[in-house]
Amino acid sequence: MLWGQQVPADEKRGLQTTISRLRGLLGAGIVTKSACGYLLRCRREQVDALRFAELAAIPPGDEHERIRLEQARSLWRGTPFHGIDSPRLVELELPRITETYLAVLDRRADFAIAEQRDSEVLLADLQEACAHHALRETTWARWLLVLGRSGRREEALDRYEEVRARMADQLGADPGPELQAARAELLAAGGMGAVVTSNRAAVPRQLPANVVRFIGRAAELTRLDRSLADGRPRAPMIAAIHGTGGVGKTAFAVHWAHQAARLFPDGQMYVDLRGYAPADRPRSAAEALDLLLLGIGFEGNLVPSDLDGRSALWRTALSGRRVLLLLDNARDAGQVRPLLPDRGSSLVLVTSRDQLRSLSSPRRVERIVLDRLAAEESRELVSRNLEAEGIRWPAASVAELAALCADLPLALAIASEHAVRDPAGSGEELLDWLRDEQDRLDALETGGDPLASVRAVLTASYEVLDTEAARTYRLIGSHPSADLGVPAAAALTGTTCAVARSLLDRLQNMHLVQEREPGRYSMHDLVRIHAIEQSARLPADRDLALLRVFDWYLRSALNARAQMGFPELPTDFDEPQAGVLPATFELASDASGWFDQERSALAATVHAASRAEHPAAYRITQAANGYLFHRGMLDELFRLHHLAISVAEKLSDSCAVALSLNQLGNVHNRLGKHGLAKLHFERALDLFEGVGNIRGQSSVLSNLGSTLRMLGRADSAVRRHRTAIEIGRLLDDPAEEGSSWNNLAMSYVELGAYEAASDTAQKAIELCEVAGNQCYVSFARDTLGQALAGQGRYAEAMLEFGQAISFASAAGDQWHECTTLAQAATAQAGAGLIVEARRSVLQALEILDEIGGGDTGELRRDDLKTLLATLPDS
């Protein structure tokens, strides 16, 4: 490395002599000896090569960029390692350092071009670099442009011919886009002595007219203002504004652009890229560049014919300008990328339905998503539109119109126009039209204008989807509820969760679905209506998808029910649909959480199955019954069971009717309607006996016994429970038998036979523990606690209540937790634990408020408040 090919005869002595000379030049403390050889001991800034590399590494757009680059230039003293015979330095280090220098030179030239100035030092550096690097197009292009800036246009054109001939001779190729763009600028400049300044007097003002009544978007406007204020000198800012069709992206961008126009003295330019134009093809990037170049003064014959040439010319032209460029309605990032400046202080606003995730730039990209208007903003927009025509509607009518339009600005504008056509009307006719989902999209168009039609706008988004994403869009429209999770989407589409997530992501990228919370997706009403229209065109695929999703909710609910410890249902189920992978759960809390998340979807699925007169209407209701019952959601359960019974009767499924009557009887009991409950149980028992369903008979008899107890007929209740136990033993099901023993124990408590109740409850606990059913164990411990408290054994009772409460809390069974807290409070009060008793009552009241539970036969707020009032304050 040190001597190259001229190695001295005595290498060691030669090295020592060289080190001695270095120490004489640099100082003895700078060059020192170590175990590994010799070290140069100095700060990094004392080594010009290291300092040069550090200065050159400053990122583009930094506020100190120009100063640092000039400082780097000042360290350059010609070709590195000149006169040193070291192949390693020349072959390895020299190319790296030289490339860094050339990059610094290019960036210095960019400053000169952007600021429209020239420099003799810079010109000399560029000329020397081009002489030594005769085929480096980036540096040649900059030299030509700086020559043009300095009034030496003819010389620059001659130099272009020189390098063109050299490239043809040595490479057999023409100059690339950047050199061609430089030549085009020189030709366009004519004899004016400056590049691309011939039409500066005609500054482009191409923005569409500002929006007359602009509402809302304060946060998004402020964000753009701040982004512009934070922008770095010479760093083009790109703002990608994306959202669903009709959400007002163009109006937002135009409104802000008019406000910011004064900050862009070199003009405001606009191109409609027609990415989602309902009746036209997207504008190509080459066509858009042609319009832009013509807009800043280039004559048509000077615009390159190819995309790369136009793009390079456009970038070079913008490097010396501060322009606001609005690229409206972009299809995707590929359409936009050739139109972006790479230097200078221009701003690009891009609007698109696509999220433009792959949009890359050497500068930053600010991404702003536009959602639908807030409800109050929608109402204000409708009111303003009507008041501008002297029309006033009642506030309730305005609010309903806004809601029916899904707060979508395009829909609000179209509906307002319909309202204006009937100034004397109350709006009721229009509202009736919009209320019908099948007619709503018909109401939200204004004749033949595809830009004033919500259906046409949504269709344009739908038609650009790939085949699988389009199918997913259609099927989501047929999904029973407004939102769905990834596993449900997998069942709907007949795919795996991974594939379903990918498909949903493609729809989300187009703003056709929104991920409102992790893993759950929804469509707003108008998009959903459009998706339903599309799914109706392929009814066979839609119907099969519905069967899969019915089955997925049913099988998942059955798995969740089993994990929560609810008894096996006394009915048979068909084989699962092919390809359906239901949800499974490791813990009872996981199962309860799934029910919490899917509750509205389950109810919607029951309604959809009811309309189709499909068995899923009653099977899903019966599977979800335990969860809804123990959550205290009795009104909802009541409605679902009536739908279930109606469908089961139409399908002549006596066993299903009996099961729903049995479960509905428990709802009536909890509501304190014990007479009605008794009638339901008696009818269910007749039906179960008619079909010979032993499990169903055992369950109904046990429930009938509990009803008799609540009616004050505990002796009769005991007989029913014993019959239920005898029949239940035929099932060889310890959980079912244990449940009947627990109900018997509760009747003994009612009779005041506390010792018998204790023994019976203990028997129930043992059976349920054998079955591994911790839910039933918890119920039995509650009963045992009551029996022990009745005997004055408060300490033991509180242990049982504590275990029952802990399980109910962990399982998410708030109703059971609440009722057991009430029982525990009574025992605590009996034991003199007043503070603990007050805490239990207050906690029970808090749970009732949280779940919205009303008074029932088992638990009343007034009873809790009365108990609380009897407890001393301390």
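This is a short tour of one chain in the viewer, from the whole model down to single residues.

**Before starting**

The model is predicted, so local features need pLDDT of at least 70 and side-chain atom pairs count only at pLDDT 80 or more, while totals for chains, interfaces and linings use all residues. Residues are numbered from 1 along each chain as its sequence is written, and side-chain values use heavy atoms, with hydrogens and water left out.

**The whole chain**

Show the chain as a cartoon. There are 38 helices and 10 strands; these are DSSP runs numbered from the N terminus, with helices (H or I) of at least four residues and strands (E) of at least two. The radius of gyration is 40 Å, well over the 29 Å that the globule rule gives for 874 residues, so the chain is more spread out than a compact globule. That radius is taken over C-alpha atoms, and the rule is 2.2 Å times the number of residues to the power 0.38. Along its principal axes the C-alpha trace spans about 115 × 90 × 60 Å.

Now switch to a surface. The accessible surface comes to about 38,300 Å², and 50% of it belongs to carbon and sulfur atoms. Such areas come from the Shrake-Rupley method with a 1.4 Å probe; for residues, only the protein chains shown count as cover. Of the 874 residues, 52% count as buried, where buried means under 20% relative accessible area, exposed over 50%, and partly exposed in between (1.4 Å probe, protein chains only).

**The cores**

Select Leu349 and Trp594. These residues have the most contacts inside the largest nonpolar core, which has 182 residues. A nonpolar core is a set of buried Ala, Val, Leu, Ile, Met, Phe, Trp, Tyr and Cys residues joined through side-chain atoms within 4.5 Å. Next, select residues 539-563: this is helix α24, which gives the most to this core, with 10 residues.

Stay with Trp594 and show what surrounds it. Leaving aside neighbours within four places in sequence, Trp594 is in contact (heavy atoms within 4.5 Å) with residues including Trp552, Tyr553, Phe585 and Leu602. Then move to Leu55, Leu105, Ile113 and Ala182, which are included in a second, separate core of 36 residues.

Select Ala804, in helix α35 (residues 794-811). Ala804 is buried, with a relative accessible area of 0%. Apart from neighbours within four places in sequence, Ala804 is in contact with Ser778, Arg781, Asp782, His816 and Thr820.

Go on to Glu836, in helix α37 (residues 834-851). Glu836 is partly exposed, with a relative accessible area of 31%. Draw a distance from Glu836 to Leu708: these residues are 128 apart along the chain, and their C-alpha atoms are separated by 33 Å.

**Two loop residues**

Select Arg217, in the loop between α8 (177-189) and α9 (218-229). Arg217 is not a glycine, yet it has a positive phi of about 65 degrees. At 7% relative accessibility, Arg217 counts as buried.

The last stop is Arg274, in the loop between β4 (268-272) and α11 (285-295). Phi of Arg274 is near 55 degrees, a positive value in a residue other than glycine. Arg274 is buried, with a relative accessible area of 16%.
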